[in-house]
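Hi,

Here is the structure I promised to pass on, so please open it alongside this email.

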Amino acid sequence: MPVHQERNLLLKNAPHAVSALPTVIPIFSWLNGIPAAIRTLFGSTTAPRSRGAVLIKIGLLLYDFYGSRHRVMPRHSMWSRSMALANIPPLTPQIVAAGLYYDAKIVHPERLVLELGEDGVRAEPRSFALNYAEIENSDGETVTLRDAHGVVRGVRPRVVVNAAGPWIDKVNARLGVASRLIGGTKGSHILLDHPDLSRALAGRMIYFEANDGRICLVFDYHGRVLVGSTDIRASDPDAIACEDDEIDYFLGSLRSLLPGLAFERDQIVYTYSGIRPLPLSDGTAPGLISRDHSAPVIEASEGRQWPIFSLVGGKWTTFRGFAEEVADVLLKRLDHPRRVRTDSLPIGGGRDYPAAVEQDRWLDTISRATATEPARALQLLHRYGSKAGDILMSEGRNPVFLDETCGHSEQEITWILRNERVIRLDDVVMRRTGLAVTGRLSLATLFRISEIAAAELGWSEVRRNEELSRVQEILSKRHRIRWA
Ligand SMILES: Cc1cc2nc3c(=O)[nH]c(=O)nc-3n(C[C@H](O)[C@H](O)[C@H](O)COP(=O)(O)OP(=O)(O)OC[C@H]3O[C@@H](n4cnc5c(N)ncnc54)[C@H](O)[C@@H]3O)c2cc1C
């Protein structure tokens with residue numbers, strides 16, 4: 001299914017985790033890019049990429065056309081220069097116009113992954129999911145797994161699906177196969193505490209040409225401003241972080257785009273880097289490597305009884321369609337019928353999520369039933385979808401907030417610890433909540449969460465201190481969190 005339709009399905013199936021993102025493209029000329037587009041049509045891969053108003057208008061018409069199936073968002077519009085500057089006053093006056101279209105953002109990506117795993121297990125009672133499990137070794141028949149508690153178990157697969165993204169070749173090596181499938185590129189992002197820019201963005205994204213002509217983006221993310229991303233060849237996902245020159249690149253590009261605002265390093269509250277699991281393509285410039293997905297198969301052989309399907313080029317927008325394609329091939333091989341379709345299946349807290357017109361009634365009912373303020377109920381509905389009801393029930397009339405600014409209660413953290421497969425302290429602050437990424441985690445709050453986790457998960461004092469040191473080191477070294 002095309003990417004736009006997949007995006008529309010995500011908006012419908014996971015309304016608690018995915019939301020519409022009005023996106024502005026600043027335009028710097030009327031006709032730029034037409035000769036380059038013609039050269040690209042005839043095979044050039046080096047034609048300059050800057051696009052003027054005419055090309056952008058054509059692009060946005062096509063965007064609306066392809067996104068018309070399952071449409072949930074408005075069509076595009078064009079802004080004159082004065083409209084654009086009235087809407088976003090700090091924008092550079094060098095623009096001639098701007099385009100406005102609707103994309104989508106995943107507001108809680110890590111939570112969505114957890115929910116997908118849980119839904120999968122629920123759909124087939126004989127299945128199970130192991131968190132932090134790693135392949136220890138394989139003899140070609142049995143694969144030995146070790147989980148986070150050190151428990152070792154053997155499985156005898158009929159098929160192995162390697163969905164380890166940028167780690168695919170490393171995991172294949174553990175399965176005894178030397179593969180060279182991934183040639184990823186690193187992308188870094190920074191998050192800024194910049195209230196003036198948040199206000200100017202007003203929930204929108206700006207999709208712009210950075211100082212070197214590459215496309216970058218800046219948008220409001222939980223009250224912070226997310227800026228990204230770079231595209232640099234890199235292979236080891238365990239050894240990357242956002243570097244100083246990437247930060248200079250972002251800040252310099254923002255200064256050119258938004259000269260009406262100041263940008264400084266001390267506004268940065270968090271940084272992160274990931275490797276896009278792109279197909280290996282030696283010698284190709286990073287921006288030109290194919291973004292399509294594929295599932296190459298390493299068939300069973302003499303010393304190995306099962307084939308391996310490796311999921312190369314996975315993207316957030318198209319993961320459902322990709323999974324469906326691969327599952328259909330596997331089901332055919334295994335001679336099983338498909339029992340569940342996923343295109344109209346709500347995900348996690350998207351199940352029983354109240355539609356916009358029903359939200360006031362939902363909030364009213366839940367607030368009465370749980371004796372909570374409607375504003376708190378709405379905050380948790382946006383965070384957890386329909387699961388918010390359970391958390392509100394545990395908070396009741398007296399949520400005990402971890403601190404004055406973070407918006408998370410002790411009861412909420414306890415609920416997460418009891419229900420969401422937490423193993424490490426970093427699971428809570430980096431993957432079940434947005435506390436770390438939004439730079440709203442103080443040392444005192446981290447300490448309190450570690451106490452709650454220790455009580456719930458039975459950690460000794462030694463283990464709790466280990467968890468605290470580990471998470472502080474990860475956040476300081478890899479994410480540039482500065483502790484107050
Ligand atoms: C900078 C950047 C920007 C992006 N922008 C977009 C975007 O705008 N839109 C979009 O749709 N997508 C985007 N993506 C793509 C997307 O975020 C991911 O790359 C994509 O979701 C890959 O998913 P995956 O499941 O294949 O791999 P991953 O999400 O990387 O998951 C692989 C998993 O394998 C696990 N693993 C590793 N080693 C082992 C082992 N030995 N045993 C067991 N498990 C292991 C890892 O812990 C990890 O959880 C972007 C990616 C990056 C890096």
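Predicted model: local features only at pLDDT ≥ 70, side-chain atom pairs only at ≥ 80, totals over all residues.

**The ligand shell**

Which residues come nearest to it? There are 19 residues around the ligand, and the nearest are Gly 165, Gly 187, Gly 274, Gly 314 and Trp 316. Two elements give two or more residues to this shell, namely β4 (134-138) and β13 (268-276). Of the elements, β13 gives the most, with 3 residues.

β4 belongs to an open sheet of 3 strands, in the order β4-β5-β6 and with antiparallel pairing. β4 is an edge strand here, as is β6 (152-155), and each of the two pairs on one side only. On average, neighbouring strands in this sheet are turned by 30° against each other, ignoring direction. Between β4 and β5 (residues 143-146) the pairing is antiparallel and runs over 4 bridges. If you want a spot to check it on screen, take Ser 138, whose bridge partner in β5 is Val 143.

Tyr 132 sits in the loop between α5 (109-123) and β4. Its phi is near 60°, a positive value in a residue other than glycine.

**Strands β1, β2 and β3**

Next, the pairings that involve β3. Strand β1 (residues 18-27) and strand β3 (residues 97-106) run antiparallel and are joined by 10 bridges. Within that pairing, Ser 19 has Lys 105 of β3 as its bridge partner. β3 is also joined to strand β2 (residues 77-80), again antiparallel, by 4 bridges. There, Ser 77 stands opposite Leu 100 in β3.

A general point for when you colour the side chains: in a regular strand they alternate between the two faces of the sheet.

**A mixed sheet**

Another open sheet has 3 strands in the order β7-β15-β14, and its pairing is mixed. β7 (160-162) and β14 (297-298) are at the edges with a single partner strand each, so one side of each has no neighbour in the sheet. β14 pairs with β15 (residues 308-310) in the antiparallel sense, over 2 bridges. The residue opposite Ile 298 is Ile 308 in β15.

Now for the helices, taken pair by pair:

- α10 (residues 359-370) and α11 (residues 374-384) have axes that come within 9 Å and cross at roughly 115°. These two are therefore roughly perpendicular to each other, and their crossing is right-handed.
- α11 and α12 pack at about 140°, with their axes 9 Å apart. That angle is why α11 and α12 count as oblique to each other. α11 passes α12 in a right-handed crossing.
- α12 (residues 388-395) and α13 (residues 410-419) pack at an angle of about 130°, with axes 9 Å apart. They are therefore oblique to each other too, and α12 passes α13 in a right-handed crossing.

Ser 229 is found in the loop between β11 (224-228) and β12 (232-233).

**Domains**

Finally, the overall layout. The domain assignment of the protein chain gives domain 1 (18-105), domain 2 (354-389) and domain 3 (400-484). How far apart are the C-alpha centres of domain 1 and domain 3? They lie 41 Å apart.

That's the tour; over to you.

Cheers

Note on methods
Residues numbered from 1 in each chain as written. Near = placed C-beta within 6 Å. Pairing = 2+ DSSP bridges. Axes fitted to C-alpha atoms, helices over the stretch in contact; angles between N-to-C directions. Domains from an automatic or database assignment. Parallel < 35°, antiparallel > 145°, perpendicular 65-115°, else oblique. Left-handed = near helix turned anticlockwise from the far one by under 90°.
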